[in-house]
Amino acid sequence: MELASFWLLEPSLGPVGAVAVLGAVNVFLALSVFAIAVLLNPGREFSFALDMRKSAIQALEQGVSPMPGRPDASVFTMGEALVSAVVVPLLVTLLRNFRAAQSAKTELAETEK
């Protein structure tokens with residue numbers, strides 16, 4: 001719809017004018033959606049999602065906290081859980097993507113020769 005509107009406005013306003021009008025319309029629509037979202041009260045789904053988040057955090061804290069009778073469990077902290085569960089897989093994925101991009105770049109350079 002945006003592209004059709006651009007093609008409709010371009011002959012009369014020119015390309016820059018058409019883009020400016022469509023940008024203003026997009027900003028107006030975004031502000032109106034934002035205003036409606038601010039005015040609406042959160043529904044039951046939002047409160048349910050917050051309850052589920054709180055219970056998940058409590059379960060994680062209980063799983064990470066030291067258990068009585070297990071002195072070695074106190075060594076495992078929340079920071080280590082974050083590093084092992086989030087940071088390490090993220091770094092592995094980034095390194096794989098970087099290597100794939102480098103190999104694609106070298107293949108492209110070889111095919112251009």
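In the predicted model, the buried residues of helix α1 are Phe6, Gly14, Ala18 and Leu22. Gly17 is also found in this helix, but with a relative accessible area of 22% it is partly exposed, because a residue counts as buried only under 20%. The C-alpha atoms of Gly17 and Phe6, which lie 11 residues apart along the chain, are separated by 9.5 Å.

With regard to the overall fold, the protein contains three helices and zero strands, so that the order of elements from the N terminus reads α-α-α. Of its 113 residues, 6% count as buried, and the accessible surface of the protein amounts to about 9,800 Å², with carbon and sulfur atoms contributing 71% of this area.

A nonpolar patch on the surface is formed by Leu82, Val83, Val86, Val87, Val88, Leu90, Leu91, Val92 and Leu94, which together present about 730 Å² of accessible area. One of these patch residues, Leu90, is placed in helix α3, which comprises residues 78-112.

How values were computed:
Residues are numbered from 1 along each chain as its sequence is written. This is a predicted model: local features need pLDDT of at least 70, side-chain atom pairs count only at pLDDT 80 or more; totals for chains, interfaces and linings use all residues. Side-chain values use heavy atoms; hydrogens and water are left out. Helices (H or I, at least four residues) and strands (E, at least two) are DSSP runs, numbered from the N terminus. Buried means under 20% relative accessible area, exposed over 50%, partly exposed in between (1.4 Å probe, protein chains only). Accessible areas come from the Shrake-Rupley method with a 1.4 Å probe; for residues, only the protein chains shown count as cover. Patches are made of residues with over 30% relative accessible area and no salt bridge: like charges are joined within 9 Å, nonpolar side chains (Val, Leu, Ile, Met, Phe, Trp, Tyr) within 5 Å. A salt bridge is a side-chain nitrogen of Lys or Arg within 4 Å of a carboxyl oxygen of Asp or Glu.
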